[in-house]
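Subject: Structure for you to look at

Hello,

Here is the structure I said I would pass on. Please open it first, then read the notes under it.

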Amino acid sequence: MATLLAVAGAAISIAAPPRNGGSNAREPSSFGWTGSLSQGGLIRGTAPAGTVSLTLDGHPVSLAGDAFVIGFDRDAGPVATLVATRADGSVGMQRLDVAPRAWRIERLDTLPRFPAPDPVFAKLRPPELAQIAAARAMVTDAQGWRQTFAWPAEGRISGLFGAQRIYRGEPGAYHGGVDVAVPAGTPVRAPADGVVILAADHPFTLEGNLLMIDHGLGLNSAFLHLSRIDVRPGDHVRQGQVIGAVGMTGRATGPHLHWGLRWNDARLDPLLVTGPMPLK
């Protein structure tokens, strides 16, 4: 069902989430988009005709012609501003009202936020984070951002995006993806076309066997705890292609797939991007 939002003084229908692509009816001098204009959501849009550069709250947004994608972090503020600069130097602005969401909170009053210092973890973790950051900095020719995303594995959702634990009154990190509880060995499929930007050659301390795929325009997926990885860095993958298998490597209490989505630095909710898990 569409949601009516007041944007720049006009009521615009925003589909949430998008299922069939498309864009809002618009004039050549205006913006159009579809998607979920909310915390953790993603929109696919079209900039005014002749736009040569686009920013969101002052940060550059990649363009493919006049098309773009924009994601909103779990903690995104209530208002964001798009600014399009045209070839003739004229500027167009668009206010975006980002809908807030309620997040699941789990209170653990008997546990500290951090466990006892682990010297092995302290040694191994920095190079792992450096590999992840280097992968996310890559720019590829992937076009998966244009597609309607599909679930990489189908099953019971055992962990929701955005859920946060409070340790003795101190907030911990929120859950940055969606967990799908399925048996070990279950095939993991590419949710959209993309280019492999990281295929760990050994299990990481937290993520285990980690696979990352770039979908283009700053949008990328991460698949954690895999039992195996079937692709290599630089491979072009197609939507639905088997890229690995579910496992419980790294810090995992049971076999499941953790799927994380990001647009640049913004963590996104796969449920908003892909839609509900299909019923079996």
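Predicted model: local features only at pLDDT ≥ 70, side-chain atom pairs only at ≥ 80, totals over all residues.

How much space lies in the largest pocket? About 1,800 Å³. Its lining is made up of 45 residues. If you want to find the centre of the largest pocket on screen, select A173, Y174, H175, L206 and R251, which are the lining residues nearest to it. By type, the lining has 21 nonpolar, 12 polar and 12 charged residues.

Several elements meet around this space. Those that give two or more residues to the lining are α1 (119-136), β11 (156-159), β12 (164-167), β13 (170-174), β17 (209-216), β18 (219-226) and β22 (257-263). As for how such a space is found at all, a probe the size of a water molecule is rolled over the atoms, and this shows where empty space is left.

Next, look at β18, one of the strands in that list. How many of the residues of β18 are buried? Eight of the eight are, so this strand is largely enclosed by the rest of the structure. Buried here means under 20% relative accessible area.

β18 has pairing partners that you can trace. With β17, β18 pairs in the antiparallel sense over six bridges. One place to check this is L211, whose bridge partner in β18 is F223. β17 and β18 form a hairpin, with two residues between the strands. In the turn, L217 has a positive phi of about 55°. β18 also pairs with β22, again in the antiparallel sense and over six bridges. There, N220 stands opposite R262 of β22. While you are looking at strands, note that in a regular strand the side chains alternate between the two faces of the sheet.

Now go to another part of the chain. Which strands form the open sheet of four? In order, they are β6-β5-β8-β9, and their pairing is antiparallel. The edges of this sheet are β6 (59-61) and β9 (91-97), each of which pairs on one side only. From one strand to the next, the twist averages 30°.

Within this sheet, β8 (residues 79-86) pairs with β9 in the antiparallel sense over seven bridges.

Regards

Methods
Residues numbered from 1 in each chain as written. Heavy atoms only, no water. 1 Å grid on protein atoms, 1.4 Å probe; cavity = no way out; pocket = protein on both sides within 12 Å on 5 of 7 lines; lining within 4 Å. Points joined across faces, edges and corners; volume = space filled by probe spheres on them. Nonpolar A, V, L, I, M, F, W, Y, C, P; charged D, E, K, R; others polar. Buried < 20%, exposed > 50% of the residue type's maximum accessible area, 1.4 Å probe, protein only. Pairing = 2+ DSSP bridges. Axes fitted to C-alpha atoms, helices over the stretch in contact; angles between N-to-C directions.
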